[in-house]
Amino acid sequence: MGFLARWLAAFGLLSATYNPTGWSFAHWARQSFSEQMPLVVLAGLLLLIGYVIYLRATLRSIGGLGMALVAAVVAALVWVLIDQGLLRLDDPSFNAWLGILALSVVLGIGLSWSHVRRRISGQSDMDDVGD
């Protein structure tokens, strides 16, 4: 259940930033920046904090290469689904949601990987506190 919660939080962060429905920070900021600049800046900073937390944890647990490998596995899965005729990419809105889903999987796995590694190996990841 922990992975699901971390993945859903990543999906929420990404879809709150941008999604094709028009109900996202990107759409709102573009329309309201001149009238509500302080609120747009505050919301943007809160989203940025979310991204810093997710990206820092992901880079620490699986690194850039791990992120690329997870993204490659997700891309290969999409390719297989397209090749099998189970998925079509002719709808731009669907493609945007697919991209959000793929990125959220990368971030969800990145944030969850330390927990998985601890269960498998019995060892915890720790920051270099004494430096």
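This is a predicted model: local features need pLDDT of at least 70, side-chain atom pairs count only at pLDDT 80 or more; totals for chains, interfaces and linings use all residues.
Numbering runs from 1 along each chain as its sequence is written, and side-chain values use heavy atoms, leaving out hydrogens and water.

Now select residues 63-83, which make up α4. Helices here are DSSP runs of H or I with at least four residues, numbered from the N terminus. α4 has 21 residues and reaches 30 Å from first C-alpha to last, close to the 30 Å expected at 1.5 Å a residue (1.5 Å times one less than the number of residues).

Which residues of α4 are buried? Colour G63, G66, M67, V70, V74 and V78; buried means under 20% relative accessible area, exposed over 50%, and partly exposed in between, with a 1.4 Å probe and protein chains only. They cover an arc of only 120 degrees around the axis, so they sit on the same side of α4 (the arc uses directions from the helix axis to the C-beta atoms).

Next, pick F11 in helix α1 (residues 2-17) and W97 in helix α5 (residues 92-121), 86 residues apart in the chain. Their ring centres lie 6.0 Å apart with planes at 25 degrees, so the pair is stacked (centres within 6.5 Å make a pair of Phe, Tyr or Trp rings, using the six-membered ring of Trp; planes under 30 degrees apart are stacked, over 60 edge-to-face, the rest tilted). F11 is partly exposed at 22%, as is W97 at 27%.

Key:
Helices (H or I, at least four residues) and strands (E, at least two) are DSSP runs, numbered from the N terminus.
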